[in-house]
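Here are my notes on the model, point by point. Please read them with the structure open.

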Amino acid sequence: MNKPIVVDDASFDQTVLQSKTPVLVDFWAPWCRPCLMAAPVLEELAEEYAGRITVAKLDVDQNARTAAKYGIMAIPNLIIFKNGKPVSQIVGYKPKAELKRDLDAALK
Amino acid sequence: MNKKYEVIIIGGGPAGLSAGLYTSRARLNSLLIERGVVGGQIADAELVENYPGFPEGISGAELGQLMHQQATKYGLQTLLTEVTGIELQGEKKVVATTKGSFTAKAVIIASGSERLKLGIPGEEEFTGKGVSYCATCDAFFFKEQPVAVVGGGDAAITEALHLTKFASRVIVLHRRNQLRASRILQEKAFSEPKIEFLWNTVVEEIEGKDKVERLRLRQVITGEKSTLDVSGVFVSIGLTPGTDYLKGVLPLDAAGYVITNEKMETEIPGIFAAGDIRLSSARQAITAAGDGVTAAIYAEKFISR
């Protein structure tokens, strides 16, 4: 099973920005119900895109520095990073098909 | 995972969980499909004070978990995934999800509703940049900043009260001259020093550079226009049913609500609807639970007919 990985302020640079494969970062918090709703879909995506895209989760409550750096003002907030740069962003709970469209675009 | 069930329930809020409790106790092989986390919209509420049996109130998330625990105890199975459509194959109902298809003799649709948007310039552009539809999710990002809440119902006032824990000022903008929210919430809001009200006021535009900076307002009676400087705007003007996946399967009203009779039956035999998704629902956790039970009882009758 390929599961989403947990990243924080300290590991963000190495794990996300230096990654050779695109990384989907889920900016979330435990008090946010739509974030919890998105969690199983992200687990499915981690499995389906294993080896091609890394799925990572960052708790904004514990990691305010990274959340502020990327101007996060609403969660769930999913940003795809490619070669250290954000290439697409989805704010709010969205159907899986929409997330897959963005992930497929990032792989091109 | 088993693919055949007697009853499939779509949605894990009070309606779906109550339906699942009854179908499971009726010894019907039941599957509940929920997009992500059980509890439904009530799970957003910090404290639910109007659900009978909890005189001190209960957190919405805990209420949802307890309902789920109770239904699971009698055999309800839960699958966390997204439903993409329902198809009829003779008497059989096929529920398509992102984890494959499942069949059932009866389906209870209890997938609730989602937030309405304002439909004004700037709203789409600044979603996630100061425009929010979930105060419990996003209040945290507006510490010591002024924010507006648009709406006057229970949800809007609950959100305004929640925002006072973070924001410097909370301005409630309401298109009428009085709130729709229950009296007890109104009393709380009126006595909260951080909350201000602008009556008979609508938002015409949301403006800013990279994020929300101000709202353009119009007083609906005098027509007078003004601006309001805020960092965030929380939209809570009502709900719309999430029934896109039911289009072409079931008759829906113009707004998208599912039409049922008093037995929660839809036009298609064996498909029931319960809770917020249903036209003329009172949109309360307890009425949703009641709908779910009614649907479960008539689903059982349908299966054993």
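Is Gly152(B) buried or exposed, and why?

1. Gly152(B) is buried because 25 other C-beta atoms lie within 10 Å. The cut-offs are these: buried means 20 or more other C-beta atoms within 10 Å of the residue's own, exposed means 12 or fewer, and partly exposed is in between, with C-beta atoms placed from the backbone. Gly152(B) sits in the loop between strand 9 (146-150) and helix 4 (154-163) of chain B. Helices (H or I, at least four residues) and strands (E, at least two) are DSSP runs, numbered from the N terminus.

2. A word on the basis. This is a predicted model, in which local features need pLDDT of at least 70 and side-chain atom pairs count only at pLDDT 80 or more, while totals for chains, interfaces and linings use all residues. Residues are numbered from 1 along each chain as its sequence is written, and chains are lettered from A and ligands numbered from 1 in the order in which they are written.

3. What does Gly152(B) touch, beyond its neighbours within four places in sequence? The partners are His174(B), Arg176(B), Leu179(B), Arg180(B) and Ala181(B). Contact here means C-beta atoms, placed from the backbone, within 7 Å. Thr164(B) is 12 residues from Gly152(B) in sequence, and their C-alpha atoms are 16 Å apart.

4. Glu144(B) is not a glycine, yet its phi is positive, about 60°. Glu144(B) lies in the loop between helix 3 and strand 9 of chain B. Glu144(B) is exposed, as 9 other C-beta atoms lie within 10 Å.

5. Asn83(A) also deserves a look. Its phi is positive at about 50°, although Asn83(A) is not a glycine. The residue is in the loop between strand 4 and strand 5 (85-91) of chain A. Asn83(A) counts as exposed, with 10 C-beta neighbours inside 10 Å.

6. Check the cis peptide bond between Ile75(A) and Pro76(A), where omega is about 0°. Pro76(A) belongs to the loop between helix 3 (64-69) and strand 4 (77-82) of chain A.

7. In chain A, the axes of helix 2 (residues 33-48) and helix 4 (residues 96-107) come within 11 Å and cross at roughly 40°. The two helices are therefore oblique. Angles under 35 degrees count as roughly parallel, over 145 as roughly antiparallel, 65 to 115 as roughly perpendicular and the rest as oblique. Axes are lines fitted to C-alpha atoms, for helices over the stretch in contact, and angles run from 0 to 180 degrees between N-to-C directions. Val41(A), Glu44(A) and Leu45(A) of helix 2 meet Lys96(A), Leu99(A) and Leu103(A) of helix 4.

8. In chain B, the axes of helix 1 (residues 14-25) and helix 6 (residues 285-303) come within 7 Å and cross at roughly 35°. Residues in this contact include Ala15(B) and Ala19(B) of helix 1, and Ala288(B) and Ala296(B) of helix 6.

9. Chain B is divided into domain 1 (4-114 + 239-303) and domain 2 (117-235). The bounds come from an automatic or database domain assignment. The domain centres, over C-alpha atoms, are 32 Å apart.

10. How many residues does each chain give to the contact between the chains? Chain B gives 21 and chain A gives 19. On the chain B side, helix 3 (residues 135-138) gives the most, three residues.

Note on methods. Two residues are in contact if their C-beta atoms, placed from the backbone, lie within 7 Å.
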